[in-house]
Amino acid sequence: LKTIYGLVMAATQPMMVAGGPDLVAFYNPAFIPILGHKHPRAMGQPYSAIWSEVWLELQPLIDPVLQGEATYFDSMAFALEGRDDRVVGWFNFSLTPVRDDAGAVAGFLVVVSDTTETVLLQQRQRFGLELERVLREHAQPQRVLQAAADLLGPYLHVMRCAYAEVNETTGLLSIQADWTDDHAPGLAGQHSLSVFLPAELAGLRAGVAVRISHVVPTGSFLFRAALIVPVIKTGALVALLLVDQDIPRHWTDAEEGLVHDVAERTWAAAAHARTETEIQELNHTLELRVAERTAERDRLWRSAQELIIVVDRKHTFVSVNPASRTMLGYEPDDLMGRTVFEFMHPDDAKLSRKNVTTYRPGEIRATEIRYRHADGSYRTIAWNVVFDGDLFYASGRNVTTERETVRALQESEARLQAVFESSYQLKWLLRLDGSVMAVNATAQDAIGPCDTQG
């Protein structure tokens, strides 16, 4: 016991030892963050009392250890009490039998690593990719707002989520898109800004999110356990993204950051959808003849965030809108008279030269091409291109960050798969009902082929 105690107390990794008939436990300082508010009263308490809230889950894992079998578990989720920042945590941990002088199992050693941050980061990455996908697949602004609310509400496990556009002139906020869990009333409609307390409204106008942790009846249209994030454009409050529920909740910095990110990306996507709709309507009216400008067309041409170009049959720039400055670092005049292939990545230029000969009049194609920025780096541009008469008309959007995010997630998943497959430990991937989804080679060598379809 002295040897094990010395080992545990000297270790920098979280460790706990439990022994005796009641499995009385002690732990090292590194274990304290896992216990949270349970420390220090947990020291010297029975293992079942320390983890009473998850004992039904833990006991089946401990019983084999008390029979002399060492075990290891990878990123298991537990709903733990005593932790301020979150309830659910994910952990890797091993359980090793501890024997007495006679060789009988007298207890066990637990070695833990908290993988919660890693798991949450992976979940956040997957959520970000899914958000980007749903925002891109809708062309109508209202559908964009609704898609964001439909995705964020369930992800945060709240009762309601709503996106509100603010009109400071009329003093109204308009909610056209909201989501509920089918038990809470919806928020759609127009509401006065006076629904917020003066201090709350002042904070929102200053760009400061409002967190309300406790449910306090105030007569507001919101449940008071709410997180409200403002969207500020050109110094003015233009929109709010809010989530709320009817039970107390401690809102974390990570949750506020996520809601803020969703609010900004949703605003940008809705603005893009509005611009796209205006451009499509204008192009339809003008039969896609970009050269026939009107005052409205000229305004869109100058203010559009998309890069819009006109190219002749010799692939020379005929017209370029000012978005070339922000997207590629060139003034429109820098591109005039030069060919598009001068700015393409060599690999993409070769393929584009081949594809450009296959365009048919009136055909609209979507393609992605890497263009060289003025600083020498490359930007991935998603183009919509139409050939009409002797000219190519194209509008492009910078998707470099999106593609890098997708590539990073794919590389991360590949690394995780490689670790899974190459591990010398027996590993299974299970569904919630216990059925097997996948096993690694080590497990198959040890127990034979496993059916991963059942």
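Helices (H or I, at least four residues) and strands (E, at least two) are DSSP runs, numbered from the N terminus. Residues are numbered from 1 along each chain as its sequence is written. The model is predicted, so to speak of local features takes pLDDT of at least 70, side-chain atom pairs count only at pLDDT 80 or more, and totals for chains, interfaces and linings use all residues.

**Exercise 1.** Find which strands each supply at least two residues of the lining of the largest cavity, and sort the lining by class.

*Solution.* Start with the term: a cavity is a set of points on a 1 Å grid over the protein atoms alone where a 1.4 Å probe fits but cannot get out, and lining residues have an atom within 4 Å of a point. The structure holds one cavity of 30 Å³ or more. About 160 Å³ of space lies in the largest cavity, a volume being the space filled by probe spheres set on the points, which are joined across faces, edges and corners. Next, read the lining, which includes Phe 91, Phe 93, Val 110 and Val 112. Strand S4 (88–99) and strand S5 (105–114) are the answer to the search. Finally, sort: there are twelve nonpolar, no polar and no charged residues; Ala, Val, Leu, Ile, Met, Phe, Trp, Tyr, Cys and Pro count as nonpolar, Asp, Glu, Lys and Arg as charged, and the others, Gly among them, as polar.

**Exercise 2.** Work out the strand order of the open sheet and name its edge strands.

*Solution.* Two strands pair if DSSP finds at least two bridges between them. Six strands follow the order S8-S7-S6-S11-S10-S9, with antiparallel pairing. At the edges, strand S8 (189–192) and strand S9 (210–212) each pair on one side only. Now look inside: S6 (residues 160–167) and S11 (residues 236–245) share six bridges, and Ala 162 stands opposite Leu 242 in S11.

How values were computed
Heavy atoms only, no water. 1 Å grid on protein atoms, 1.4 Å probe; cavity = no way out; pocket = protein on both sides within 12 Å on 5 of 7 lines; lining within 4 Å.
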